Amino acid sequence: MIDKDKVKAFWDARAQTYGSLDFNSIANLEQDPEGLALKVRLESEKVFSYLGDISGKTVLDLGAGVGQWAFRFVERGARHVSAVEYSAALAEVGRKEAESRGIANLQFVVSAAEDYVSAEPFDIVFISGLFVYMNDDQAEKLARELPRLCRPDTLLLLRDGTATGARYEINDRHSDHLQTNYSATYRTADDYRALFSRHGFRLVRDENMFYDGCPLNKYPETRLRIYEFRRDVAGAARA
């Protein structure tokens, strides 16, 4: 198990880089300017090819960081975005950024993703770089709660680090890239498929975020991957 307190301390510290790093780099963890520009472009193309037209839709952004994705959803016409982030320091950076941009339909909520509740379900649930920082009990709880946040036709999009072979864990290890200690758990694609299936979701499609040979595929043990899930309404009815 990774130490939850150390993970949170890592993200609280990232908030202190606001103003010294490119805004998109704070939670993205890509600190090379050229690599960051490439990553933002390729990821945005891929994510919005899955989401399609989001004009007028409500979006839940779980693991929102400083809102780097939430702001893109607003720019693409989302009616309202709820950005849920458990680091109060990161959420505060997002609030300041929203205020400076004059954005009123983006709400930051400080909460652990697995504890978040909403009176209304969302059209889109976006989970970004979150499960890699969760232990198995947290991941199971979040997946169990997700149906309450979804309508029958909600699109759930997961963007997360994925092990290329067996499950791969980094536990409080020094990262030369980040110049600090880092912890993460990389589950396999089959692990994610099984987790969501257990809690009433069917996989529509999934793939690696970046093309083979892309310089953003930095580590042989992991790949950033994207998964589209939908509520398995028919399966739930049969059960």
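Biologist: Why is Arg167 called partly exposed?

Modeller: Arg167 has a relative accessible area of 39%. Buried means under 20%, exposed means over 50%, and partly exposed lies in between, with a 1.4 Å probe and protein chains only. Therefore Arg167 counts as partly exposed. First, some ground rules. This is a predicted model, where local features need pLDDT of at least 70, side-chain atom pairs count only at pLDDT 80 or more, and totals for chains, interfaces and linings use all residues. Residues are numbered from 1 along each chain as its sequence is written, and side-chain values use heavy atoms, with hydrogens and water left out.

Biologist: What makes Arg167 and Asp136 a salt bridge?

Modeller: Their closest N and O atoms are 3.0 Å apart. A salt bridge needs a side-chain nitrogen of Lys or Arg within 4 Å of a carboxyl oxygen of Asp or Glu. The pair therefore qualifies. Arg167 sits in the loop between strand 5 (150–163) and strand 6 (168–175), Asp136 in helix 6, 31 residues apart. Helices (H or I, at least four residues) and strands (E, at least two) are DSSP runs, numbered from the N terminus. Asp136 is partly exposed, at 41% relative accessible area.

Biologist: How many salt bridges does the whole structure hold?

Modeller: The search finds 18. One of them joins Lys141 to Asp115, with the closest N and O atoms 2.7 Å apart. Lys141 lies in helix 6 and Asp115 in the loop between strand 3 (106–110) and strand 4, so the pair ties together parts 26 residues apart in sequence. Lys141 is partly exposed at 29%, and Asp115 is partly exposed at 44%.

Biologist: Why is Asp206 called buried?

Modeller: Its relative accessible area is 19%. The cut-off is under 20%, so Asp206 is buried. Arg193, at 28%, counts as partly exposed. Arg193 and Asp206 form a salt bridge, with the closest N and O atoms 2.7 Å apart. Arg193 is in helix 7 and Asp206 in strand 8 (residues 201–208), 13 residues apart. Salt bridges that share partners join Asp190, Arg193, Asp206 and Arg225 into one network.

Biologist: What makes Phe131 and Tyr192 an edge-to-face pair?

Modeller: Two values decide. Rings of Phe, Tyr and Trp (its six-membered ring) pair if their centres lie within 6.5 Å; planes under 30 degrees apart are stacked, over 60 edge-to-face, and the rest tilted. The centres of Phe131 and Tyr192 are 5.9 Å apart and the planes stand at 70°, so the pair is edge-to-face. Phe131 lies in the loop between strand 4 (122–128) and helix 6 (136–145), and Tyr192 in helix 7 (residues 189–198), so parts 61 residues apart in sequence are tied together.

Biologist: Which ring pair joins Phe131 to Phe196, and how is it classed?

Modeller: That pair is edge-to-face too, with 5.8 Å centre to centre and 70° between the planes. Phe196 is in helix 7, 65 residues from Phe131. Phe131 is buried at 0%, and Phe196 is buried at 0%. Ring pairs link Phe131, Tyr192, Phe196, Phe201, Tyr227 and Phe229 into a cluster. The count of aromatic pairs is 17.

Biologist: How do you know that Arg205 lies over the face of Tyr50?

Modeller: A charge sits over a ring if NZ of Lys or CZ of Arg is within 6 Å of the ring centre and within 35 degrees of the ring normal. Arg205 lies 3.8 Å from the ring centre of Tyr50. The charged end of Arg72 sits over the ring of Trp69, 4.3 Å from its centre.

Biologist: What makes helix 4 mostly covered?

Modeller: Seven of the eight residues in helix 4 (residues 68–75) are buried. Among them are Trp69 and Arg72. Gly77 follows helix 4, with a positive phi near 100°.

Biologist: Why are strand 3 and strand 8 called edges?

Modeller: The open sheet has seven strands in the order 3-2-1-4-5-9-8, with mixed pairing. Two strands pair if DSSP finds at least two bridges between them. Strand 3 and strand 8 each have a single partner strand, so one side of each is left without a neighbour in the sheet. Strand 5 and strand 9 (residues 222–231) run antiparallel, joined by nine bridges. Leu158 stands opposite Tyr227 in strand 9.
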